[in-house]
Amino acid sequence: KGEKSVISRLAANNPKVLDAYVTFTVETPLLSERQRHELNPLIIRINSATCLPNTPVPIEALQQLCVPTYCKYKFHNFPPHRTHGQIHGTHVYFKDVNVLLTGTMKPGELQKYLRGPPLEIEVHDRDRNMENNTKEPCLFGEDEADENVGKVSFLASKSAICNSFTKNKVWHPHGVAKVSLTDLLLGKKYLTISAPIHNCSAPNTAAFSEEDKNENITELVSSSSLLPMGHYLESDSLLKVRVEIAVPLQMHAEIADAQVTNCLYGCIIYIFDYNNSSLLHDLVEEITEINAKALQLDCYPVHLIGMALAALKLKTTLEKVSELDIVTGFHLLDGATHLFVLEGLKDKAIKKLWDKHFERSYRREDGQLEILYNSQLAFHQRLYTDLEAIFYHFRLCKPLFTITKQPLLYVRGVVPWACFQALSRLSYLCRSKRLRDVIHGDLLPSAEMITALSHQYGVPLTDEDLFVQKPPLLSVSSDDYTVPGKVSRVKQAVYSSLDNYNEMRVPKNRFTYCHEYLSATFDPVDVVAACKESFAKSKSMWLSPDGFVFPGFKSSIESNLHPRMPDEARLEELSEKWQENALHANMEPVLSRDRWSWDKRHIDFDLYKKPP
């Protein structure tokens, strides 16, 4: 990290040594200038965690039951890093330094990782000390957790509790701080970040890897032995981190060229209204055409091409997928929105789709249309090669926004984990405005998530969902187009033929001429003459029939009089004193209008609840 001296203090107490400090000093830096440019070290300093929660478990109880507070994170493919444990408290100072040699990564890998989801740093301040926590076997009914069997909360956390203790692996509730490093891509060299700490997500059995599932469970733990989650958000807990990089990143120079050679794929997303049938037809037709040409199927009829592409799977059929200029992805329709997530070679198929439809985003007559595309974002592999087809279509039983509003969806264990992740990510994706935000938020669902969503909420597709034939469009030829005030030659011929026919029958009348079908007639009008007549009529209304009328001179008093001012008699009547029941002198009021005394003012508003 560029320093020549490091001081460390004795961590554990020793009966023979009360305290000790160790200093290491070097005369010259460990890395030369050339090595700094080649290895480009990235330094992550975790300074402190402030305002850690004191509820629901107080700090004194954490010091007795838990191991010292520490932080843990994993950066890309580097080994996981864990800080030294510190004494529990509301403010914990770590002063931890981790140096990562980013120059050892493949070209473009660092930029891709920084554009992705933020770095998650786990703050473990309530890990139970399990060395002295031994539990004797007992019969059913003797354990405290047996009372929770059958409850929704117990079923919701069953997977987390059963997988809390596996071989060499224990899960404890902790806090998570997400640190965004995207500003390093803008050429910044130093980042000082104060990231809020929030609750972690409980582990799920569906999220465990195959190795974790095959491990033998050595001990099970009840929900009572795990400490409750800390109130991080209520306490405004923050994790203060400083990030430094030796050589600033330059995105528009030689690194961009390196990305072109290693990351071949691009992504484009279309979000538009369900009723936009013209765009739907064009997209499906173009994707089919691109895939048929890449797979040499363009010589067959259209219906055979569709059947062949629907039955073809990339993972089991094609060996060299990276060399094919095909479009993969999925198409989701729910009765309200069409969502296309497409991936392919960024300089061929994806660029072709963008060049052909980017002008549609400026047209508002077709309704909502969002096209998320960024030519600078590239990927080294495809995400959706494991779907049931090259381009997978599926329909939801209800609109996506309706499904995500169901309360039971957010009860753990009601729907599969992969299905819930797909619904959550697609809901945020439909509201995104930039592809960079989609990649940074990790909103693209995996192929496994899409398959789970299709099996859980999917319904069979109908012929109306995908327009096989081109929807009818109104076409206007150049011969039919006329400037305002003129009539085309074709319309003039129609007008003249109708005029001749009508004059032979009954003058000044119009008829329909087909008795088998509904038809309509139109009255031939001279557009120029009609415009002149309309203008003359408008101009004639400028003056009255008697010409220009002068209203006469008015004084300032007359000009300021209100047009609806009452007359003198009404003004004199309004100036008189008000008398109660003047028109009904022989009748007494139903309710008294006396005022309450000051000590009874609290019942003043109860005066008119009922007659006396």
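In this predicted model, Leu-332 stands opposite Leu-339 in strand S15. Strands S14 and S15 run antiparallel and are joined by 6 bridges, and they belong to an open sheet of 6 strands with mixed pairing, whose order is S16-S13-S15-S14-S17-S18. The edges of this sheet are S16 (369-373) and S18 (458-459), each of which pairs on one side only. Helix H8 (residues 277-294) packs on the sheet, where it touches S13, S14, S15, S16 and S17 (391-396), and its direction makes about 25° with that of S15.

Leu-339 is also among the residues with the most contacts inside the largest nonpolar core, which has 36 residues; Ile-269, Phe-330, Leu-444, Leu-453 and Tyr-457 are the others named. At least two residues of this core come from each of S13, S14, S15, S17, H12, H13, H14 and H15. Apart from it lies another core, of 33 residues, which includes Ala-49, Val-92, Leu-119 and Val-243.

Tyr-457, leaving aside residues up to four places away in sequence, touches Cys-419 and Leu-423, as well as Arg-395, Leu-396, Cys-397, Ile-403, Leu-409 and Val-415. In helix H13, both Cys-419 and Leu-423 are buried, as are Ala-418, Gln-421, Ala-422, Arg-425, Leu-426, Ser-427 and Leu-429. The elements below are among those covering the buried residues of H13.

| Element | Residues |
|---|---|
| strand S13 | 265-273 |
| strand S14 | 328-333 |
| strand S15 | 337-345 |
| helix H12 | 400-403 |
| helix H14 | 435-440 |
| helix H15 | 447-457 |

The length of H13 (residues 417-429) agrees with expectation, because its 13 residues, at 1.5 Å a residue, should span 18 Å, and its end C-alpha atoms are 18 Å apart.

Technical notes:
Residues numbered from 1 in each chain as written. Predicted model: local features only at pLDDT ≥ 70, side-chain atom pairs only at ≥ 80, totals over all residues. Heavy atoms only, no water. Helix = DSSP H or I, 4+ residues; strand = E, 2+ residues; numbered from the N terminus. Expected span 1.5 Å × (residues − 1). Buried < 20%, exposed > 50% of the residue type's maximum accessible area, 1.4 Å probe, protein only. Contact = heavy atoms within 4.5 Å. Pairing = 2+ DSSP bridges. Axes fitted to C-alpha atoms, helices over the stretch in contact; angles between N-to-C directions. Core = buried A, V, L, I, M, F, W, Y, C linked by side-chain atoms within 4.5 Å.
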